[in-house]
Amino acid sequence: MKFSKLWMGGALALALTDVLAAAPKPAVGAPAVAIGEVDIGGVVQGPKGPEAGVWVIAETTELPTKFARIVVTDDKGRYVIPDLPPNVNYRVWVRGYGLVDSPKLIGKPGQILNHSAVIAPTAAAAAHYYPAVYWYSMLKMPPVQDFGGSTNIPKNVTQEIWRRRMNNTDCVGCHALGQESTRTIPAALGKFESGEQAWGGRIASGHSGQWMMDRLAVQLGGVPFKYFGEWTDRIAKGELPKSKPARPQGEERNIVVTSWEWGTEKTFLHDLISSDRRNPTVNPYGKLYGSSEYSSDDIPILDPKTHTVSTFKMTVLNDSVGESFGGRFHATAQDKPLAPSPYWGMEKIWTQKANNHNGMIDQKGRVWFAANVRGDVNPEWCKKNTDHPSVKAFPIEFSQRQVTMLDPATMKYNLIDTCFGTHHPQFGYDSDNTVWFSGSGPVAGWFNSRIYDETGDVVKAQGWAPWVLDTNANGKVDAYTEPDKPGEAGKDMRVGGSGPYGVMPHPTDGSVWYSFNTFGGTPGFMRFDPKTQLSEFYALPKEYVGIRGGDIDANGVVWGSASNGGFVSFDRNKCKGPLNGPNATGNHCPEGFAYHRFPGPGHEGFEQNSAEASYYTWVDQHNATGLGKNIPIATGNLNGGFIAYKNGKMLNVRIPYPMGFFAKGMDARIDDPNAGWKGRGLWSTSGDRTPWLMEGGKGSKPRAVHIQFRPDPLAR
């Protein structure tokens, strides 16, 4: 065996762990692979023949940022990694279910690299590579008889609330529970007498320790520590998942995944944006803009053409604005850790004022963010004694985040003060290019970007309206009852709860839809009509448990990530009864709902559902990904990638490296409509709040990813 080369700080050092490209040769009769001068290809052989449906990973540190490209082998074990940046060396290896990682070969574009797959020597070695959902499904849920006040579970906590907390509204809203770093207890956390005690220590550590302790120790009575501890204790004793994942099949083998490191090892990236979702040809081949939420005021900017990362520092209206930790709206993070992190101790690793949640690109290529420009207390004009119609209808005392806009052409950063809170902005399909927001609490909030561009008048450009159901059926907003109060004859009804989470402007009829009451109140979908300022609410059937992010397709069907491990869709056109009136208060259209189960096993007792806890759903209205028009795609947060629903089947698009990939959002861009699969693709970023929990551990950085779908696994 020849010595090979391992990257160390940009220099090349000899190591025994890698082998040079003059390595395994394909078996006699193995089919040839055609490659070009910028491709690497070859055949993956196991002891029994070609290995189909395994990943081949090529990574380099010789570009300005760490770069990797990943493909899947075809049914004959062949692979082609296309269009690699030239003139650099790559480490190339094989990863797949039933295997352990193969030796890393060193090669350059234009070379054939054949690989010998390494069969996992034990079931435990094989299970190391399973997606988190296979491990997380081993977590037990309290039986139904434990609810209602008969145990330490608080009386007001139902089994549905528990499942929401253990799914995408809480725990897996931030972490891929079941990945190696969460199904084990780090030694640096300390010594404990039981797994239950260890979980108490784990939950208290870090910047979000106070919020997590409040959820688990107070609101859920401390009972989750027992279940989490029992789960990790069983795993520590050698228990393995009962089911095994299938290797990629069909279109799942056609993917090309490209990733770049960006951000820092101490920051997380909630989202990125690449184009205008209404017209994904905007910003072709352009830069991508990230959102660091609590962790940093720096916007990371990735140029995928040059593989370079830069930053832009967000500002606020004045230096007296404090950091966005704790308090009325930002309780999920504190400025000081409650207890030492096993990774960072008591170090304050997050620092920010802007609290940039995520952004959207408009028709001019400008980037609009849900971000702070000031503190939480609203200006006086938002509250009373003004002629603004929205203030007269519903004054607002406080707001969580406002709006900012970055113009990449000039790098001018605009601060836009809004009275309503902001979250998940989306542009409407109207001539005003209205920006709609979730996170607005008791109101629907909007910002008219045309008026702002023409006048610069922030007050005139914004508006909002409360969520009012037309229960008296006269087609206009009248006096209404307050939330949680009985209906009254002749009055409308205002709806309460935690408010909107995902926002979805309808492509044709002017309405705006929302996934609603994710964190409190009755979960469901809300429809708002800007013309009448009336709303319609459709409560989620109880068996769907809860809802998080959602989107709408070109036909007006809304899709969301349900808390029972599947897509939930709602088609208003299927409603049989009246859409307003005294009975149209949420449960009046069960026929509009449908459920589509995600891949992966379910928890014991809930096997009809997947344990998958998807954070967000996005719909490709324009075939920007190459999968087709109107394809809903969910973040597969425990499946390690994304889940697309196409022709009645689920496509499980996994990001196998680094393990623990966790996305919170996505969009897609068409760089060149005439370039076939190479001219389009899905964009996202790893959004776990703790990037050091991914494969690689402390020092790992978030990854931006580009996913493309070839016509076959060997296309180039």
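Student: Where is the place of N283?

Tutor: N283 sits in the loop between β15 (271–273) and β16 (288–291). Bear in mind that this is a predicted model.

Student: What is the phi of N283?

Tutor: Positive, at about 65 degrees, although N283 is not a glycine.

Student: And is N283 buried, partly exposed or exposed?

Tutor: N283 counts as partly exposed, with a relative accessibility of 22%.

Student: What about H307, what phi does that have?

Tutor: H307 also is not a glycine, and its phi is positive at about 60 degrees. H307 belongs to the loop between β17 (298–303) and β18 (308–313). The relative accessible area of H307 is 11%, and buried means under 20%, so H307 is buried.

Student: Which peptide bond is cis?

Tutor: The one joining Y657 and P658 is cis, with omega at about -10 degrees. P658 is in the loop between β41 (649–654) and β42 (667–670).

Student: While we're at β41, what about K649? Buried or exposed?

Tutor: K649 lies in strand β41. With 62% relative accessibility, K649 counts as exposed.

Student: How far apart are K649 and F598?

Tutor: In sequence they are 51 residues apart, and in space K649 and F598 are 9.7 Å apart, C-alpha to C-alpha.

Student: Let's zoom out. How many helices and strands are in the protein chain?

Tutor: The protein chain has ten helices and 44 strands. Its radius of gyration is 25 Å, close to the 27 Å from the globule rule for 716 residues, so the chain is as compact as a globular protein of that length.

Student: What does the C-alpha trace span along its principal axes?

Tutor: About 85 × 60 × 55 Å.

Student: How much of the chain counts as buried?

Tutor: 63% of the 716 residues count as buried. As for the surface, the protein chain exposes about 26600 Å², and carbon and sulfur atoms supply 52% of that area.

Student: And the contacts, what share comes from residues 24 or more positions apart?

Tutor: Among contacts in the protein chain with a separation of 6 or more, such residues account for 62%.

Student: On to aromatics. How many aromatic pairs does the structure hold?

Tutor: There are 48 aromatic pairs. One of them is W467 with Y514, which is edge-to-face: the centres are 4.9 Å apart and the planes make an angle of 80 degrees.

Student: Which parts does that pair tie together?

Tutor: W467 lies in the loop between β26 (462–466) and β27 (468–469), while Y514 is in strand β31 (residues 512–516), so the pair ties together parts that are 47 residues apart in sequence.

Student: Are the two buried or exposed?

Tutor: W467 is buried, at a relative accessible area of 0%. Y514 counts as buried too, at 0% relative accessibility.

Student: Which residues form one aromatic cluster with W467 and Y514?

Tutor: The cluster includes W436, W446, F516, F528 and F537 along with W467 and Y514.

Student: Next, helix α6. Which of its residues are buried?

Tutor: In helix α6 (residues 209–219), G209, M212, R215 and L216 are the buried ones. Their arc around the axis is only 135 degrees, which puts these residues on the same side of α6.

Student: What covers them?

Tutor: The cover includes α3 (159–165), α5 (195–204) and α7 (223–236).

Student: Last one, I119. Which strand is it in?

Tutor: I119 is in strand β13 (residues 118–119). With a relative accessibility of 41%, I119 counts as partly exposed.

Student: What is I119 in contact with?

Tutor: Setting aside neighbours within four places in sequence, I119 is in contact with P47, E51, G98, L99 and V100.

Student: And how far is I119 from A217?

Tutor: I119 and A217 are 43 Å apart in space, C-alpha to C-alpha, and 98 residues apart in sequence.

Conventions:
Residues are numbered from 1 along each chain as its sequence is written. This is a predicted model: local features need pLDDT of at least 70, side-chain atom pairs count only at pLDDT 80 or more; totals for chains, interfaces and linings use all residues. Side-chain values use heavy atoms; hydrogens and water are left out. Rings of Phe, Tyr and Trp (its six-membered ring) pair if their centres lie within 6.5 Å; planes under 30 degrees apart count as stacked, over 60 as edge-to-face and the rest as tilted. Helices (H or I, at least four residues) and strands (E, at least two) are DSSP runs, numbered from the N terminus. Buried means under 20% relative accessible area, exposed over 50%, partly exposed in between (1.4 Å probe, protein chains only). The arc is that of the directions from the helix axis to the C-beta atoms. Contact means heavy atoms within 4.5 Å. The radius of gyration is taken over C-alpha atoms; the globule rule is 2.2 Å times the number of residues to the power 0.38. Accessible areas come from the Shrake-Rupley method with a 1.4 Å probe; for residues, only the protein chains shown count as cover.
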